[in-house]
Amino acid sequence: MAYWLLKTEPEEFSWDDQVKRGKKGEPWGGVRNFTARRHLKEMKKDDEFFFYHTGAEKQVVGIGKVIREAFSDPTAEAGEPWVAVQTEAVEPLPKPVTLAAVKAEPKLKEMALVKYARLSVQPVTAAEWKLVCKMGGMKV
């Protein structure tokens, strides 16, 4: 299993919105960056991801999972190469992990969230996953 971080503006689509979708989930689309698209294509069913609120919040707020691998993005124009994955909420973090907290942790200095701040779909290593979960109050 691989781990990921998916960013969203909470005003557009929030953790609460994802939770409300239930088991049917929601297409994670609207991504218009080729690197992010490549990451979406690499995602496999049951991969887990950090649900990250951008904008004023800048924090990891929950954990989700991929329930359907890459398919044509329903928000794309006909013939455009963009893809989406179907996502489902798993559980909220007991304590959101802020970008400032991630940047302050020396063990996370190589994390994509720190190095490629604008990338909306990012890989997360197993070690990074475990540490951010611990920072968020989860038992690991």
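Modeller: Two strands are said to pair if DSSP finds at least two bridges between them. Helices (H or I, at least four residues) and strands (E, at least two) are themselves DSSP runs, numbered from the N terminus. The model discussed here is predicted: local features need pLDDT of at least 70, side-chain atom pairs count only at pLDDT 80 or more, and totals for chains, interfaces and linings use all residues. Residues are numbered from 1 along each chain as its sequence is written, and side-chain values use heavy atoms, with hydrogens and water left out.

Colleague: Which residue in strand 5 is the bridge partner of V60?

Modeller: Strand 4 and strand 5 pair over 10 bridges, in the antiparallel sense. Within strand 5, the bridge partner of V60 is V97.

Colleague: Which residue of strand 5 stands opposite P27?

Modeller: Strand 5 also runs antiparallel to strand 2, with 3 bridges joining them. The residue of strand 5 that stands opposite P27 is Q86.

Colleague: With which side chain does the side chain of T87 make a polar contact?

Modeller: T87 is placed in strand 5 and counts as buried because its relative accessibility is 0%; buried means under 20% relative accessible area, exposed over 50% and partly exposed in between (1.4 Å probe, protein chains only). Leaving aside neighbours within four places in sequence, its contacts (heavy atoms within 4.5 Å) include L6, W28 and I67. A polar contact is a pair of N or O atoms within 3.5 Å; within protein, one must be able to donate a hydrogen and the other to accept it, and residues adjacent in sequence count only if both atoms are side-chain atoms. At 2.7 Å, the side chain of T87 makes such a contact with that of Q18.

Colleague: How far apart in space are G64 and G136, C-alpha to C-alpha?

Modeller: G64 lies in strand 4 and is buried, with a relative accessible area of 0%. Not counting residues up to four places away in sequence, G64 touches several residues, among them D47, F49 and A89. G64 and G136 are 72 residues apart in sequence, and their C-alpha to C-alpha separation in space is 14 Å.

Colleague: Within what arc do the buried residues of helix 2 fall?

Modeller: The buried residues of helix 2 (residues 34-42) are A36, R37, H39 and L40. The arc is that of the directions from the helix axis to the C-beta atoms. Seen down that axis, these residues line one face of the helix, because they fall within an arc of 160 degrees.

Colleague: Which residue caps the N-terminal end of helix 2?

Modeller: The backbone nitrogen of T35 lies 2.8 Å from a side-chain oxygen of the capping residue. The residue that caps this end is N33.
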